[in-house]
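Have the sequence and the fold open as you read.

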Amino acid sequence: MSLLRLDGIAGDRGGRRLFAGLDLVLGPGDAALVTGPNGAGKSSLLRIAAGLLTPAEGTVAAVPAGLADARLALDEEVPLGRAIGWWAGIDGRAADLEAWNLAALREVPVRLLSTGQRQRANLARVAASGRALWLLDEPANGLDTASTALLEARIADHRAGGGAVVVATHVPVALPGAVEIAL
Amino acid sequence: MIGALILRDLARAWASGGLTAPVGFFLLVAILFPFAIGPDAALLARVGPGVVWAAALLAALLPVERLVAPDLESGVVDQLAVRGIGGGTVAAAKIAAHWLGFAPSLMAAALVAGGLFGIPGGVLARLELALLLGTPGLAALGVATAALTAGLRGAGAAAGLVMLPMALPILIFGAGEGQGGLKLLAAVSLLLVVGAPVVAGAAMRIARD
């Protein structure tokens, strides 16, 4: 059973063809690493996989995904615990702040968080969604070395638990055995 | 789930002062009018309901810029879409929250305005009923306008130009007299409440690309 299947998809942005003829199949435990220069279409590819964009060509079959992109989507004035908890409530689950080293920040309003802390909060929400497919757009942006190691460990746990992940990044992220897609 | 969306919108409106501002604005307009028109009691009682309606319309328009655009920008709409919660559902929740945010307090404030204008009891009762029927339509129109103008520069001014002409039927039937006007008001309001989520949902989907 595949969690994500892309068949010959092409992506356009503003009327310009970014990539074409892209195939990808991810099953439980698989990972894909999307690389490429700025503007190559990494984010567009993830949004297509998430069902937010329609591909210009080809077909997408995917299980519901958890998406972490550049936009945090957490209410700035609300304490972090409640902001993530709101999304976890929508997903019908409980968020695990401990796993992302955020437990101490539970009462801190989102607007006071640093770049790296916001990024971890973003990732914690994807993990809390309980979705089998994670789509991570530049997940290592703003993370320090320890947090990047934490991210790699969480991705490894997720894959070991039968999940799949697509990571688009220009910063090295260790993904053992990942399919590489260079746009 | 839709309850969580409504509660979140209400909490955000409360935190940003969006629940008190429309009522304050409404009362201020109602207070200014008698000064501009002069102390003719009969005239004030006659124009009173119309002024209340114009003020209600402007109060519903006041928070339009922060109804949809912030959620599109911060990615909330995308995250909801990934969870299978489409624009139409989001818009319906926003209409409910917007209505709860301004209509009940505005109906209370209309009692005060009624006193300021010396509107007779029977006319005031009809006005309150008309507000109850018409404000859902105004809320729906506000959310649809917010979605259509989200991301535009000077969205507030554009929202006024889009929304005010569309609100004409509500004004006409709301400020009119008799039972027939109320029935037509309810019909217009219902049409807007049913149609607005579709329009707003489509606008949010287009904004996503």
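## Around one isoleucine

Skipping its neighbours within four places in sequence, A:Ile84 is in contact with A:Leu74, A:Ala95, A:Leu97, A:Ala121, A:Ala124, A:Arg125 and A:Ala128. Contact here is C-beta atoms, placed from the backbone, within 7 Å of each other.

A quick note on the model: it is predicted, so local features need pLDDT of at least 70 and side-chain atom pairs pLDDT 80 or more, while totals for chains, interfaces and linings use all residues. Residues are numbered from 1 along each chain as its sequence is written, and chains are lettered from A in the order in which they are written.

## The core

A:Ile84 is also among the residues with the most contacts inside the largest nonpolar core, along with A:Ala49, B:Ala56, B:Val143 and B:Ala147. (A nonpolar core is a set of buried Ala, Val, Leu, Ile, Met, Phe, Trp, Tyr and Cys residues joined through C-beta atoms within 7 Å; buried means 20 or more other C-beta atoms within 10 Å of the residue's own.)

Chain B has ten helices and zero strands, with helices being DSSP runs of H or I, at least four residues, and strands runs of E, at least two. Of its 209 residues, 46% are buried.

On the side facing the partner, 16 residues of chain B are in contact with 16 of chain A. There, α5(B) gives the most, with five residues.

Terms used
Buried ≥ 20, exposed ≤ 12 C-beta atoms within 10 Å, placed from the backbone. Contact = placed C-beta atoms within 7 Å.
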